[in-house]
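Subject: A structure for you to look at

Hi,

Here is the structure I promised to pass on. Have a look at it first, and my notes follow below.

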Amino acid sequence: MKAVLFDMFGVIARLQSPESRAALQAVAGGDPDRFWEAYWAQRAPYDRGDVDGPAYWQGVCADLGTTPDERLTRDLIAADLASWSEVDDRAVALLAELADRGVALGLLSNIPEELAARYEATQPWLERFAVRGLSCRIGSAKPDAAAYNWCLRELGLPPGEVLFVDDREDNVRAARELGMRVHLFTGPEALRTALRAVLETGPA
């Protein structure tokens, strides 16, 4: 194994907490179930960079039968970005350990442009990644094969020499189908154990 390709949210950064979800829902108002249905129904084009934040929220609100003004749009974007901004320091420490061992690091994240810019401005550990496959910049998102293949080309490695780490079964399955080694993330310590075994024993 020559490289580890990491997912961001659910691995290095935390998923939305109940508190942050409640805060976002409070800004949006209305029925929570309808809100989250619209939120996720409109998300893929936003993650791919097909639309920007204001256009995304216009689409969400249109599904809800409302039209957001400029202030509400700004508040929704801010609450959404805040909900995805908590980082797991244990995972960041693991990145440093791998980099110090000479392991090439890649990132493959489904992430909209506004959130990508926020991370780049506030998280210096992003510099540890030799390759950053941000969906909003590469025009494809997991689990589409094109997203993984973009990262493999940039890493310059065949799939069998890359370990892909993600917390979602569908994303891990897509990587495995391309021939990558995979680890379904359940926590930093389990990943640390798996990496130790791979680095010490090599390919199975």
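The largest pocket holds about 500 Å³ of space. A pocket here is an open set of points on a 1 Å grid over the protein atoms alone, where a 1.4 Å probe fits, with protein on both sides within 12 Å along at least five of seven lines; lining residues have an atom within 4 Å of a point. The volume is the space filled by probe spheres set on the points, which are joined across faces, edges and corners. Of its 20 lining residues, Trp40, Asp47, Trp84, Asn110 and Arg168 are the closest to the centre. Helix α3 gives the most to this lining, with 3 residues.

This is a predicted model: local features need pLDDT of at least 70, side-chain atom pairs count only at pLDDT 80 or more, and totals for chains, interfaces and linings use all residues. Numbering starts from 1 along each chain as its sequence is written, and side-chain values use heavy atoms, without hydrogens and water.

Now to the sheet. Its 5 strands form an open sheet in the order β3-β2-β1-β4-β5, with parallel pairing (at least two DSSP bridges between two strands). Helices (H or I, at least four residues) and strands (E, at least two) are DSSP runs, numbered from the N terminus. β3 (131–134) and β5 (181–184) are at the edges with a single partner strand each, so one side of each has no neighbour in the sheet. Between β1 (residues 3–6) and β2 (residues 104–109) there are 4 bridges, and Ala3 stands opposite Ala104 in β2.

Best wishes
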